[in-house]
Amino acid sequence: MSDIICESCGTANPPGTQFCTECDGYFGWSSAPKSTRGSAAAPSGRASARPATVPSPGATDVSRVIAPTVEPDQTSVVLDPAAAAPMSLHMYNPSPIVDGYAVHVPAAPDWLTVTHEEIRLLPHTDAMVPIAFGITEGTSPDAQTVAVALEIRSLTDDRKTTTATIEVTVPRFGRPVTLEAHPSIVRLTDEVRGTARLTVDNSAANHPQSVVLTASDPEGVVDFVIEPRQLDIPPAQTVSATLTFELPTIDFGSRMERVLTVTATAGDDESETSVAVTQQRSAAPEYVPVELRLEPSVLRVRDFTMADLTLVVDNRRGAADRTLTVGGRDAESKVAFRFPTSQIRVAAGKIATLSLTVEADAPAAGEDVSYPFTVLASDEIDEVETTGTLALSTSPPAITTTTLRLHPSKISVRNSATGRSKLIVDNSSSDQWLRAHLAGSDPEAAARLTIRPPTVDVPPRRSVWADVTVSADPPDPGEAAERPLSFTATDGRSTVTCEGTFAQRTSDWLPIVRVVLTLLGALVAAAGAFAPWAVTLPDYLIDKLPVAQSQPGTEQIDEVALTQPIARLAVLVLAGAMALGVFARTGKPTQTAAIAMALGFVGYMVYLTQRFGTGGPMYGAVLVVVGAALGFLGGLCIRRR
């Protein structure tokens, strides 16, 4: 076998060598398969399994491989549904070796294909490489523009890649919408209204279309309603609408055929379909008048002046539609009629209803009255009527069943000139409103009564109350007084009454004051018996009893020691007597004990001052005198009868 000459550097290499010993160029390009789609072995142009790197373990220094330079000759391409859209990539191989390349589209849509021939570039050479964009067979993508990233990979080292972005536009293509009506033939017998379903088909277009539906007839006498009238149809979709039409009425026994045309307009494109309508009307039937009835025909109303009822117009036996004028009358012209409309239309073979209201003056309270009346319905052919009765009654005056009560019925107060209560007007037994005027009085004319509010409106089956204030001069202290009260409620015709009592009591505070002052005086005096009496003299309390022995040279001290415990004991005894005086019927025992205590103590203190000199009284002496004074005042708090 002959040597292998490297096409890149011209070096001769032994037979069987796969890589040039000088430049590491690969000799196996001639046997490599050519790529025909968006990537090697990827017919759809989508990302596929990475192509195998040229087998060069240890033979090629992949570090010498440099990613190619790629520049598209255009940045956008518009697809053609019938043929591939070509463009070229200006590619440059900056590597020092011969390298091959494959074009991949990693995130290509399902409907996109990218194809190219085998790409092989010598070192440091460039070339215009043609590629083609197409639509996958069997798909119909929506009109759109997407950015497609082309990834150009080195076959020697698939890590060396270059990316170029191309905007791929799917143009609008397809036929205009088609329109069909189902059914396309409509037969109407004794009817004037018909419907059909309209189907708008956009399955042949790859873009949405906004369609406006219209309908017409040659004579321009048919009323059309299309719902919805405007449709927004997505690509490759079908949408339906409803056509409702109303034909003019034809003569009895006649037949007419009409062709209705429905048009779907989408921009400048129009699609039409037709609906053939056969209208037939039966022969004129024998005239049958309508029948009227009232539901209910007898209206019984209590404590009200009006009632609602229903007029039923029965045209089930009639063969023609009727439009009737309605009204009412009564013999005495005392009933008023209220109709929501003056005419009522009833179709042949149907029943129609109309609500109405009748009203008349209410009778006197506790009475009833009946008003017969007639309701009429007429047209240019005939007049029919039906009768009814309005029976009104009123309840007896509410005052006749009203009860009046004072709560509480006995108004009790202590040490006050004023009392309060509530006057309840109970209308729970009547179905009528009650307006009552309230008043109150005292037979003795000693109390003053105020009622707020003086007039009340009481709903049916309810109760209301008013505030009552009673005032009178209070009785003497310790006395009680009860005054009868009388209350009335009247509606101007009848009166209801109720009774009550105003009880007053005045407390007598003098006995309490007596006890408080007497006991307080006794406690104060007793406290003084255990406190110092004189500034310069020693204090000898009760515990110094019996009397101390006299000693030479201590004559003064012995006399004070002899008398002071006895005086203190006397104060305690008189304080106890003063306290026990609260149980007496009069205050004399308390007054006597208080006077004795005050005079005796003052005399004793004067004696000590004159004989020994006291230097002035101490607080104990003051307490004894104050206690005696308080006890004396308590003894004076007796009410004289």
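These notebook entries record what I looked up in a predicted model.

**Conventions.** I number residues from 1 along each chain as its sequence is written, and for side-chain values I use heavy atoms, leaving out hydrogens and water.

**Four-stranded sheet.** I looked up an open sheet of 4 strands, with the order β30-β32-β36-β34 and antiparallel pairing. At its edges I found β30 (403–407) and β34 (448–452); each has a single partner strand, so one side of each is without a neighbour in the sheet. Neighbouring strands here are turned by 25° against each other on average, direction ignored; the axes are lines fitted to C-alpha atoms, for helices over the stretch in contact, and angles run from 0 to 180 degrees between N-to-C directions. Strands are DSSP runs of E of at least two residues, helices runs of H or I of at least four, both numbered from the N terminus. Two strands pair if DSSP finds at least two bridges between them. Between β32 (residues 418–426) and β36 (residues 463–471) I noted 9 bridges, antiparallel. Within β36, Val464 is the residue opposite Val425.

**Strand β18.** I then turned to β18 (residues 238–246), which pairs with β14 (residues 193–201) in the antiparallel sense over 9 bridges. β16 (residues 223–227) is also joined to β18, by 5 antiparallel bridges. Which residue of β18 is the bridge partner of Asp223? I found Glu246 in that place, and Glu246 also stands opposite Arg193.

**Thr263.** I located Thr263 in strand β19 (residues 255–266). Its relative accessibility is 11%, so Thr263 counts as buried (under 20% relative accessible area; exposed is over 50%, partly exposed in between, with a 1.4 Å probe and protein chains only). Leaving aside residues up to four places away in sequence, I listed its contacts (heavy atoms within 4.5 Å), among them Leu179, Val212, Thr214 and Glu270.

**Cysteines.** I counted 0 disulfides, a disulfide being a pair of cysteine sulfur atoms within 2.5 Å. Cys498 is buried because its relative accessibility is 8%. Cys637 is buried too, at 15% relative accessible area.

**Annotated spans.** From the unreviewed UniProt entry I took "transmembrane region" at residues 512–535, 566–584, 593–612 and 618–638; positions follow the numbering used here, feature names are shortened, and annotations may be inferred rather than shown by experiment. For residues 512–535 I recorded 75% helix and 0% strand, with the end C-alpha atoms 37 Å apart. Residues 618–638 gave 86% helix and 0% strand, with 33 Å between the end C-alpha atoms.

How values were computed. This is a predicted model: local features need pLDDT of at least 70, side-chain atom pairs count only at pLDDT 80 or more; totals for chains, interfaces and linings use all residues.
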